[in-house]
Amino acid sequence: MIVDIGIIAAKALMVLSMVLNLAGVLGWIERKASALIQNRIGANRASIFGFAGLGLVNTLIADPIKFLTKEDFIPPKGDRLLHTLAPCLALFPALVAFAVIPFGDILVLADRTINLQVANLNVGILYIFSMASLSVYGIVIGAWASNNKFSLLGGVRGSAQMISYEIAMGLSVMGILMIYGTLELQEIARAQGTLLRDWLPPWISFLNPLIGWLPAWGIFFQPAAFLLFFTAAVAETKRIPFDLPEAESEIVAGYHVEYSGGKFLMFFAGEFAEIVTVAGLITTLFFGGWQVPFLMRDGFHFPWGGTLFLPQLVVALLQVGAFTLKVLFFCWLQILLRWSLPRFRYDQVMRLGWKMLLPLALLNVMVTAVLIVAWQSAPLKP
Amino acid sequence: MILFLILAGLSIVFSLLVVFQRNVIYSAMALVATLFLIAVLFLTLEAAMVGILQILVYAGAIMVLFLFVIMLLNPGLLEGRSIAWWILGSLAAVLLLFALVPFLSDSGWLLPGQAPAGGSFGSPESLAQSLFTDFVLPFEIASVLLLVAIIGAVVLAKREV
C-alpha cells in the first residue's frame, strides 16, 4: 500500500520535474535557435568566472535570479487578487495536462508491474483538452486585472482565438480515436506497436511488401489530421504565427504587458510547458508514443526475420529514451516554426480557424468513418 | 465522505459568492470554480466522463464566452438592488427548489460510497451506449435545439451586415 502510493508519487514528481526542467531548457534552446536562425551570436552575456557555457549559464542561473529579484509591479488601478491569481491559472493547467501522457509501456520491478504513466484515466485525451480549455483563464483574467487597454485587447483576442482553435483541435484527432477505438492514450500508444500489414484489408494486401513493414503509427493513417492538429495546437499555445494575444508590434505585449518579475516568469514557464505537452501529445497520437519500431516487450522482432532478445529493463529504458527523443524533436520543430514564420493578421487567424481547419477536420472525420466502414469486411483491428 | 463534505462545502461557498459579488468578473470566476468543484464531485462518483465534459464544456468554453462578453461590455460594479428585487428573486429560487425536489427524492438521495459504481459505470463506452440507445430521442432533440439556436444567432447577426 505504502509502496504503491510511493510509486505514484515518484511518477508524478518525475514527470512534473521533467516538464519543468524541459521548459527551462527550452528557454535556452529558443534563444540559441533564434540566434542560429538570425545568423548572430546569441545569449552569451552572462558568465561565471569567464565561463559562458553556450549561454546555458544565462538561462538556467542568471535569468531566474534576475526574474525573482525584480520588482513585482501591480498596476495601482488594477485588481490585486486577480492580478496575482492569473499567472497561477496560466501555469497550473499546463503542468497537470502531461499526467495522462504515457512515457513508457510497463516496468516490472520485483514482481510489481508499473504502468509508466502518471494517471491512467479512461477519458484520457479529453482530460488534456479540458485542461487546455482552462488555460484561457490565465490570459483573460490577467488581461482584465491589469486595467490596461492593450492587455484587455490581448485578452479578448486570446479568448476568441483559443475557443476557435479548441474545436478544430478536438475534431482533428477524432479520426485517430476512431481508428484505435479508445480514448486512453496508453492504449493508443500500445496499438501503434503493431505493423501496418496487420491492419491493411485484404484487397490492398498487394502493398504489403512495399509498406507492410512500417509500424502502425497514427501518421500513416491520418497524415491530414496530423497537420490540422499541429496547426491548431500551435494556435492554442499562442506562439508565432498565432501570437496575436501578445503581438508586440500592435499591442505592446498584450495580456502580460503589466506583468514583471516572478509572475511574468510563470506565464513564460506555462508557455514552454504547453509546448512540451503539445509535443508529447503529437508523439503519442501520431508517432507511436514510446514505441521503438519493431521493439516488443521481449526485444526486437524484425519484420524481415530475426529477433534480438533484450532484458526487460533495457526495453523500458529504450522506450522512455525514444519517447524523450521524439518529444524533444517536436519541441525543436515548434521553436523552429516560431523563428521562421511571420505573424498572421487577426482576421486571417479567425478565417483559418473557422473556414479552413474546422471544415477540413470535419471532412477528415467523415472520410475516416467511411473508410473504416469500408474496411470492416476485413476487421481493422488486428 | 470527508472529501465529499469539503467539496460540497466549497462549492456552496463559491456559488454563494456568484450571487453576492458586486463585481461581475468575480462572479463569473466564482461560477467557474463552482463548476470545477462539481466536476470533481462527479469524479468522486466514478463518473469521470461526465466530470471531464463538465470542465470541457461549461468551465472551459461557455464561461470563457461569458467572460469575453463581460470584458467587451466592461459594466463596472453592480449597484445594490432594491428590496422588491430581493423578494422576487428569493421567491423564484424557492419555486425552483420545489420544482427540483421531486427529482431528488425519486433518485433516493444517493450518497458517495453507496453509488452503484460497478464495472464500466461512467466509462465513455457505457455513457455512449445509453446516449445512443435509451436516450437517443432526447439526445437528438437537444442537438436540433442547439442547431436552431446557432441558425437563430446567425440570422440575428446577419441583419446588420
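**Domains, helix packing and the chain contact**

In this predicted model, the domain assignment divides chain B into domain 1, covering residues 1-80, and domain 2, covering residues 123-161. The C-alpha centres of these two domains of chain B are separated by 23 Å.

Two packed helices can be described by the angle between their axes together with the distance between those axes. In chain B, helix H1 (residues 2-20) and helix H2 (residues 24-44) pack at an angle of about 160 degrees, and their axes are 8 Å apart. Because angles over 145 degrees count as roughly antiparallel, this angle makes H1(B) roughly antiparallel to H2(B). The crossing in which H1(B) passes H2(B) is left-handed. On the side of H1(B), the contact is made by Leu3(B), Phe4(B), Leu7(B), Leu10(B), Ser11(B), Phe14(B), Ser15(B), Leu17(B) and Val18(B), while the contributions of H2(B) include Ala30(B), Leu31(B), Leu37(B), Ile38(B), Val40(B) and Leu41(B). When the residues of the contact of H1(B) with H2(B) are divided by class, 14 are nonpolar, 5 are polar and none is charged.

Chain A contains 15 helices and 5 strands. Its C-alpha trace spans about 70 × 50 × 50 Å along the principal axes.

From H11(A), the residues Ala224(A), Ala225(A), Leu228(A), Thr231(A), Ala232(A) and Ala235(A) meet Gly353(A), Leu357(A), Leu360(A), Ala361(A) and Asn364(A) of H15(A). The contact of H11(A) with H15(A) comprises 8 nonpolar residues and 3 polar residues, with no charged residues.

Between the two chains, 21 residues of chain A are in contact with 19 residues of chain B. To the side of chain A that touches chain B, at least two residues each are supplied by helix H4 (125-134), helix H5 (136-145) and helix H6 (149-172) of chain A. By class, the residues on this side of chain A divide into 16 nonpolar and 5 polar, and no charged residue is found among them.

Methods: Residues numbered from 1 in each chain as written. Chains lettered and ligands numbered in written order. Predicted model: local features only at pLDDT ≥ 70, side-chain atom pairs only at ≥ 80, totals over all residues. Axes fitted to C-alpha atoms, helices over the stretch in contact; angles between N-to-C directions. Helix = DSSP H or I, 4+ residues; strand = E, 2+ residues; numbered from the N terminus. Parallel < 35°, antiparallel > 145°, perpendicular 65-115°, else oblique. Left-handed = near helix turned anticlockwise from the far one by under 90°. Contact = placed C-beta atoms within 7 Å. Nonpolar A, V, L, I, M, F, W, Y, C, P; charged D, E, K, R; others polar. Domains from an automatic or database assignment.
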